[in-house]
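I opened my notebook and went through this protein one spot at a time. Here is what I looked up, in the order I looked.

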Amino acid sequence: MSAPVTVYGPAISPAVARVAACLLEKDVPFQLQPVDMSKGEHKSPSFLKLQPFGQVPAFKDHLTTVFESRAICRYICDQYADRGNRTLLGREEDGAVGRAAIEQWIESEAQAFNPPSLAIAFQLTFAPLMGRATDMAVVEQNQAKLAKVLDVYEQRLAESQYFAGDEFTLADLVHMPNTELLASKTNTVGLITERKNLSRWWDEISGRPSWKKVVELQSVPRPSKS
C-alpha cells in the first residue's frame with residue numbers, strides 16, 4: 001500500500017530535501033515521486049496542476065496539494081501536529097511569541113541565506129553535472145554576500161543553541177539542505193567551520209536521524225527512464 005503523502009521531485013533538490021526532512025521529523029510516511037526535469041516533466045500539464053510555476057517540490061496528501069517547500073513544511077507541522085516532533089513550530093504554551101521567534105529565522109533563511117548559498121551550490125555542484133562551466137565571478141560575489149549573513153548567524157548562535165532558542169525547530173531545519181551542499185558538496189566548507197558557533201550548530205543538527213536519512217535518499221541512484 002502506498003504512503004498517503006506524495007512529494008514530487010528528486011531528493012537531490014534542496015527544496016525537496018527540505019520537505020523530506022520535515023516529514024521524517026514528523027514521522028509521516030511518504031513516497032518520493034520522481035520528476036525528470038531534464039525531460040521537462042516539471043512543465044507538463046499534469047505537473048503544472050500541482051505546481052503552477054513548474055518547480056519542485058509539489059506535495060499531495062489526502063486533503064490537498066501544496067507547493068513551495070517552506071509552505072509545505074508549515075502545512076505538515078500544522079496538519080500532522082500530533083505526529084513525531086511536535087515542537088518544530090514551537091510549543092503551544094509559548095503562543096504567538098514562540099511562533100514569531102521561529103518564523104523570523106525561517107524568513108531570514110528564505111530571503112538572506114538561500115539566494116547566495118544556492119547560487120554558490122549551483123555554480124560549484126549542479127552546473128558541472130549539467131555540463132555547464134562554473135562562473136567563479138558569481139561564486140565569489142555570492143560568497144561575499146553569504147559571509148555577511150553567516151556573521152549574523154554566528155552571533156545569534158553564540159546566544160542560543162539553535163536559531164529560535166534552545167530547541168531544534170523549523171528555523172533550523174529549513175537551513176539544512178543548502179548548508180549540506182556548502183559543507184559536503186562544494187569547496188566552501190570553510191564558510192561554516194571558520195565560525196565556531198555555526199560549526200557547532202551544524203555538527204549537532206546534521207547528525208539528526210532525519211537528516212541522515214535525507215542524505216541517504218540523495219545518494220540513491222535515480223531510476224533511468226527510457
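**Entry 1: two helices**

First, a reminder to myself: this is a predicted model. I also noted that two packed helices are described by the angle between their axes and the distance between the axes. I picked H4, which covers residues 95–129, and H5, which covers residues 136–159. Their axes are 9 Å apart and the angle is about 145°. I looked up the handedness too, and H4 crosses H5 in a left-handed way.

Which residues make the contact? On the H4 side I found, among them, Trp105, Phe113, Pro115, Pro116 and Ile120. On the H5 side I found residues including Met136, Val138, Leu146, Leu150 and Tyr153. I sorted the contact by class and got 15 nonpolar, 5 polar and 3 charged residues.

**Entry 2: the cavity**

How many cavities of 30 Å³ or more does the structure hold? I found 1. The largest cavity has about 30 Å³ of space. Its lining is made by Phe113, Leu150, Tyr153, His175, Thr179, Ile192, Leu198 and Trp201. By class I wrote down 6 nonpolar, 2 polar and no charged residues.

**Entry 3: the second largest pocket**

Next I checked a pocket. The second largest pocket holds about 270 Å³ of space. There are 15 residues in its lining, and Arg86, Leu89, Gly90, Arg91 and Glu92 lie nearest the centre. Helix H3 (69–79) and H4 are the elements that give two or more residues to it. What classes make up this lining? I got 4 nonpolar, 4 polar and 7 charged residues.

I went through the loops for backbone angles. The peptide bond from Val56 to Pro57 is cis, and I read an omega near 5°. Pro57 sits in the loop that runs between helix H2 (45–48) and strand E3 (58–60).

Asp27 has one, with phi near 55°. Asp27 lies in the loop between helix H1 (14–25) and strand E2 (31–33). Is Asp27 buried, partly exposed or exposed? It is partly exposed, because its relative accessible area is 48%, and the exposed class starts over 50%.

Glu68 has a positive phi as well, near 75°. I placed Glu68 in the loop between strand E4 (65–67) and H3. Glu68 has 37% relative accessibility, so I filed it as partly exposed.

Last, I followed Leu24, which is in helix H1. What does Leu24 touch, leaving out residues up to four places away in sequence? I listed Phe30, Ser210, Lys213 and Val214. Ser210 made me stop: it is 186 residues from Leu24 along the chain, yet the two C-alpha atoms are separated by 5.3 Å.

Terms used. Residues are numbered from 1 along each chain as its sequence is written. This is a predicted model: local features need pLDDT of at least 70, side-chain atom pairs count only at pLDDT 80 or more; totals for chains, interfaces and linings use all residues. Side-chain values use heavy atoms; hydrogens and water are left out. Axes are lines fitted to C-alpha atoms, for helices over the stretch in contact, and angles run from 0 to 180 degrees between N-to-C directions. Helices (H or I, at least four residues) and strands (E, at least two) are DSSP runs, numbered from the N terminus. A crossing is left-handed if the near helix is turned anticlockwise from the far one by less than a right angle, and right-handed if clockwise. Contact means heavy atoms within 4.5 Å. Ala, Val, Leu, Ile, Met, Phe, Trp, Tyr, Cys and Pro count as nonpolar, Asp, Glu, Lys and Arg as charged, and the others, Gly among them, as polar. On a 1 Å grid over the protein atoms alone, a cavity is a set of points where a 1.4 Å probe fits but cannot get out, and a pocket is an open set with protein on both sides within 12 Å along at least five of seven lines; lining residues have an atom within 4 Å of a point. Grid points are joined across faces, edges and corners, and a volume is the space filled by probe spheres set on the points. Buried means under 20% relative accessible area, exposed over 50%, partly exposed in between (1.4 Å probe, protein chains only).
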